[in-house]
Amino acid sequence: VQTFGSVRFPQLSRLLLSGISPTELPPSTAHRLRRLHVHFPVPRPYPSNPLLPPYFRMSSFCAYLAKTVQLETLIMEDCTPLMDVYLHPDPGHHMKLDSSSVTPIRAILPTSAVLLTAVRRFDWTSAPPKDLWRLFHFLKMPALRQLDISLGKVEDRWFSVQDRVIAPMLSSHPLSLNPVNLLLEFDALQELRVTCC
């Protein structure tokens with residue numbers, strides 16, 4: 001894909017990525033994107049070596065979503081991004097989108113939360129039950145009206161980079177340098193569906 005160089009899709013409104021991380025897309029703006037569907041199954045067993053690509057990284061996901069100012073529907077099907085970031089106290093601090101999915105993962109990096117003001121619907125299947133709340137600190141959706149979460153197996157955990165090793169995230173994992181209010185608020189929510197296997 002990278003052989004295409006810089007590509008523009010000025011009218012693109014719907015995008016489905018299956019087994020492809022945003023880092024593998026050619027550089028492009030996504031200002032008119034209204035629906036994003038990402039399918040990137042977590043490998044079983046999860047490789048512990050951070051030098052082995054490809055990964056669906058939280059850093060690249062946040063960097064891509066920061067460009068989708070008109071996004072209304074976000075669907076994460078059977079995917080949980082590798083947590084390679086923590087919350088930076090500066091709200092304007094954003095990770096740059098990696099130029100290649102083969103870039104080694106060496107450490108956890110700072111980023112700020114992405115504000116998705118137009119998102120009305122969010123679906124997430126195979127979400128890690130004990131850790132899914134973390135996503136809502138990195139992706140802020142104040143206008144969210146419809147939330148559909150399908151939980152994965154109870155033992156499923158979110159994976160992150162810890163001391164250059166990929167491992168299940170523990171409850172003591174640093175989400176932010178500053179204290180974080182763990183209470184999640186969905187002021188505009190009208191429909192909620194939670195299912196578990």
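This is a predicted model: local features need pLDDT of at least 70, side-chain atom pairs count only at pLDDT 80 or more; totals for chains, interfaces and linings use all residues.
As for the elements, the protein has two helices and twelve strands, and from the N terminus on their order is β-β-α-β-β-β-β-β-α-β-β-β-β-β. Of the 197 residues, 43% are buried, while the accessible surface comes to about 10400 Å², with 56% of that surface belonging to carbon and sulfur atoms.

Let me turn to one hairpin. Strand β10, residues 159-162, runs antiparallel to strand β11, residues 165-168, and four bridges join the two; within this pairing, S160 stands opposite A167 in β11. Two residues lie between the strands of the hairpin, and D163 takes a positive phi near 55° there.

D78, which is not a glycine, has a positive phi of about 50°; D78 sits in the loop between β3 (73-77) and β4 (85-87) and is partly exposed, at a relative accessible area of 31%. S126, again not a glycine, has a positive phi of about 60°, but the place of S126 is in strand β7, residues 121-127, where S126 counts as partly exposed at 31% relative accessibility.

Finally, the aromatic rings: how many aromatic pairs does the structure hold? There are six. In one of them, the ring centres of F40 and F56 are 5.5 Å apart and the planes are at 25°, so this pair is stacked. Both F40 and F56 lie in the loop between β2 (35-39) and α1 (58-65), so the pair ties together parts that are 16 residues apart in sequence, and both residues are buried.

F136 and F186, by contrast, form an edge-to-face pair, with 5.3 Å centre to centre and 90° between the planes. This pair links distant parts of the chain, since F136 is in helix α2, residues 135-138, and F186 is in the loop between β11 and β12 (191-196), 50 residues apart. F136 is buried, with a relative accessible area of 6%, whereas F186, at 28% relative accessibility, counts as partly exposed. F136 and F186 also belong to one aromatic cluster together with F122, W124 and W158.

How values were computed: Residues are numbered from 1 along each chain as its sequence is written. Side-chain values use heavy atoms; hydrogens and water are left out. Buried means under 20% relative accessible area, exposed over 50%, partly exposed in between (1.4 Å probe, protein chains only). Accessible areas come from the Shrake-Rupley method with a 1.4 Å probe; for residues, only the protein chains shown count as cover. Two strands pair if DSSP finds at least two bridges between them. Rings of Phe, Tyr and Trp (its six-membered ring) pair if their centres lie within 6.5 Å; planes under 30 degrees apart count as stacked, over 60 as edge-to-face and the rest as tilted.
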